Amino acid sequence: MSNLLPRARTYALRGAPPFHLQQRVGLAVLSLLLLLACIPATLAHEFKVGDLEIEHPWSRATPPGAKVAGGYFIVINKGSAPDRLLSISSDISDKAELHEMSVKDGVMTMRPVEGGLEIPAGGKVVLKPGAYHLMFTGLKRQPKQGEKFPAMLTFEKAGSVKVEFAVEGMGETGSGDMDMDHAE
């Protein structure tokens with residue numbers, strides 16, 4: 001007890017003992033790890049309906065006066081039967097369609113996909129710029145970077161699911177881990 005009294009008097013006069021460098025570094029590393037653990041949850045967002053998972057729906061911000069916007073995401077079918085994306089609707093536009101872009105003989109073409117898009121059993125389909133994608137036509141307002149807008153996806157077997165498209169910058173290619181294959 002006699003050793004504690006002088007130490008307590010010293011702390012009272014000079015303040016608490018110094019926080020050692022090793023403790024400071026440990027606290028900084030712990031804080032950084034906690035911060036990094038939160039980032040994927042804020043960037044990625046997923047939706048589920050039946051055996052289907054819809055990963056990271058996103059769109060790009062549009063310039064003033066634009067009448068169309070694209071929509072992109074990944075659909076994973078964890079079921080044993082194929083399903084089909086039949087329709088899309090959103091209050092951001094008059095119309096939403098599924099389109100396919102392709103290049104033939106050096107000419108890029110874009111056309112609506114008739115009859116829906118098959119999601120193979122146990123597989124996935126990636127909607128991305130330059131391939132399968134959604135077209136929101138007749139925009140009622142401009143999507144702005146950092147916001148989200150809702151849309152309804154309707155599948156043949158799984159039914160309908162409301163998703164939210166995260167709006168990224170005009171030149172973005174998608175902040176999620178967008179696989180580059182159409183279907184696997």
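Two aromatic rings of Phe, Tyr or Trp (its six-membered ring) count as a pair if their centres lie within 6.5 Å; planes under 30 degrees apart are stacked, over 60 edge-to-face, and the rest tilted. The model is predicted, so local features need pLDDT of at least 70 and side-chain atom pairs pLDDT 80 or more, while totals for chains, interfaces and linings use all residues. Residues are numbered from 1 along each chain as its sequence is written, and side-chain values use heavy atoms, with hydrogens and water left out.

By that ring criterion, the structure holds five aromatic pairs. One of them joins Trp-58 and Tyr-72. This pair is tilted, with 4.5 Å centre to centre and 35° between the planes. Trp-58 lies in strand S2 and Tyr-72 in strand S3, so the pair ties together parts 14 residues apart in sequence. Strands here are DSSP runs (E, at least two residues), numbered from the N terminus. Both Trp-58 and Tyr-72 are buried, that is, under 20% relative accessible area with a 1.4 Å probe and protein chains only.

Now turn to Phe-149 and Phe-165. These two form a stacked pair, 5.4 Å centre to centre with 10° between the planes. Phe-149 belongs to strand S10 (residues 148–155) and Phe-165 to strand S11 (residues 159–168), so this pair ties together parts 16 residues apart in sequence. Phe-149 and Phe-165 are both buried. Ring pairs also link them with Phe-73 and Phe-136 into a cluster.

Next, look at Val-49. This residue is found in strand S1 (residues 46–49). Why does Val-49 count as buried? Because its relative accessibility is 10%. Leaving out residues up to four places away in sequence, Val-49 touches Ile-54, Phe-155, Ala-158, Gly-159, Ser-160 and Val-161; contact means heavy atoms within 4.5 Å. Leu-153 is 104 residues from Val-49 in sequence, yet their C-alpha atoms are 9.8 Å apart.

Last comes the pocket. A pocket is an open set of points on a 1 Å grid over the protein atoms alone, with protein on both sides within 12 Å along at least five of seven lines; lining residues have an atom within 4 Å of a point. Of its 15 lining residues, the closest to the centre are Arg-60, Ala-69, Gly-70, Tyr-72 and Met-135. Strands S2 (52–60), S3 (68–77) and S9 (132–139) each give two or more residues to the lining. S3 supplies the largest share, four residues.

Note on methods: On a 1 Å grid over the protein atoms alone, a cavity is a set of points where a 1.4 Å probe fits but cannot get out, and a pocket is an open set with protein on both sides within 12 Å along at least five of seven lines; lining residues have an atom within 4 Å of a point. Buried means under 20% relative accessible area, exposed over 50%, partly exposed in between (1.4 Å probe, protein chains only).
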